[in-house]
Structures are given as structure tokens and as C-alpha cells.
Amino acid sequence: METRRLIKKKATVRQLALKGINPDSFDEFKFLRSSVKYNIRKDYNTYLRHTENNQISDPKKFWPYLKNKNINSPDRINYNNVRFENYGDIANAFAYYFSSVSKPSTVFDGNDECKSNCVGDLVKIESVIYDYVVWAIKELKSSPTVGVDNMPFIIKGCAVF
């Protein structure tokens, strides 16, 4: 609210400064202009911190922010005071980060044998056909948020057709 009030006051003082009625109004306008810039920067940083802190509990706010940024893959990143410049290392750094901030819904050890009496609990894939995989990826919806990992968005973004 403070920022909105300052913006309105800045516009009013600007009009007075342009009319030249009060010689001090231009100095007041310059002060208000810098105050507005500072408050906008502060509010934006607060928004970023809030979005980052709530990405697990409210992913619907995180993904639209990320989409609006139109961010491409980074050429390099720093994670845990280590600089990564290789795309494979960058991907692994992201994987480490996301695994550190998310909680698995179930604990599964890849070495555990799956035993089930129910048909729906165990799926065996005998063979995979490339064209079927491409078709399935194309059919994925990329806009709705499906969870913290937003898997269809990532799969469609990484697929090469």
C-alpha cells in the first residue's frame, strides 16, 4: 500500500513541478521518484522470497512466475558454493536442490522387490516403441500444474520431435 500511495503522490508532485508553481516541487519529485523505485525493488524482492519459500506449499504461484520470466536453460549456476558450467552438472545440481526442498510422498528403495496381488499396483513394460513415446509426450498437457515437480511441463519442454 505504501508504494501505491507514493506513486500517486509522485504523479501529483510531478504535475506541480512541470507547471513550475513551486520551485521546491522538483526536488520533492526527485525524492519521491527515488523512493518509489526503492519501494518497488523492495516489494519485488519480498514477492520473490515469498514465492520461493512457498513453492512447495503453493506451486500454483511458482510456475506462472517461472513461465512469465521466459527463462531459458542457464549456461552456469552456483550451488553450495560450487560453480557448474556443464549442462549435465547443472541438471544434477537442480536435482540435488529439488530433492533437498521436497519431501517424497512414499519411501521406495529401487532394490525392493514389488509384490502385489492387485493388477493396478504393478505394471510391466515388455517393449517400448519410440513412436508411441513421442505420441504420449505430445499428448501431455503442459499448462496445468500437476504437482511440485510439474513433470509434464518438463517432459514436453525437453522432448525433441
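Me: What should I know about the model before I start?

Reply: It is predicted, so local features need pLDDT of at least 70 and side-chain atom pairs count only at pLDDT 80 or more, while totals for chains, interfaces and linings use all residues. Residues are numbered from 1 along each chain as its sequence is written, and side-chain values use heavy atoms, leaving out hydrogens and water.

Me: How many aromatic pairs does a search of the whole structure find?

Reply: Rings of Phe, Tyr and Trp (its six-membered ring) pair if their centres lie within 6.5 Å; planes under 30 degrees apart are stacked, over 60 edge-to-face, and the rest tilted. Here the search finds three. One of them joins Phe26 and Phe29, tilted, at 6.3 Å centre to centre with 40 degrees between the planes.

Me: Where do Phe26 and Phe29 lie?

Reply: Helices (H or I, at least four residues) and strands (E, at least two) are DSSP runs, numbered from the N terminus. Both Phe26 and Phe29 belong to helix H2 (residues 25-53), three residues apart, or about one turn of the helix.

Me: Is Phe29 buried or exposed?

Reply: Buried means under 20% relative accessible area, exposed over 50%, and partly exposed in between (1.4 Å probe, protein chains only). Phe29 has 10% relative accessibility, so it counts as buried. Phe26 has 45%, so it counts as partly exposed.

Me: Which angle lies between the planes of Tyr44 and Tyr47?

Reply: It is 35 degrees, in a tilted pair with 6.2 Å centre to centre. Tyr44 and Tyr47 are about one helical turn apart because they are three residues apart in helix H2. Tyr44 is partly exposed at 34%, and Tyr47 is partly exposed at 37%.

Me: What is the phi of Asn80?

Reply: Most residues other than glycine have a negative phi. Asn80 has a positive value near 50 degrees, and it sits in the loop between strand E1 (77-79) and strand E2 (82-84). Asn81 is in the loop between E1 and E2 too, with a positive phi of about 60 degrees. Asn80 is exposed at 59%, and Asn81 is exposed at 85%.
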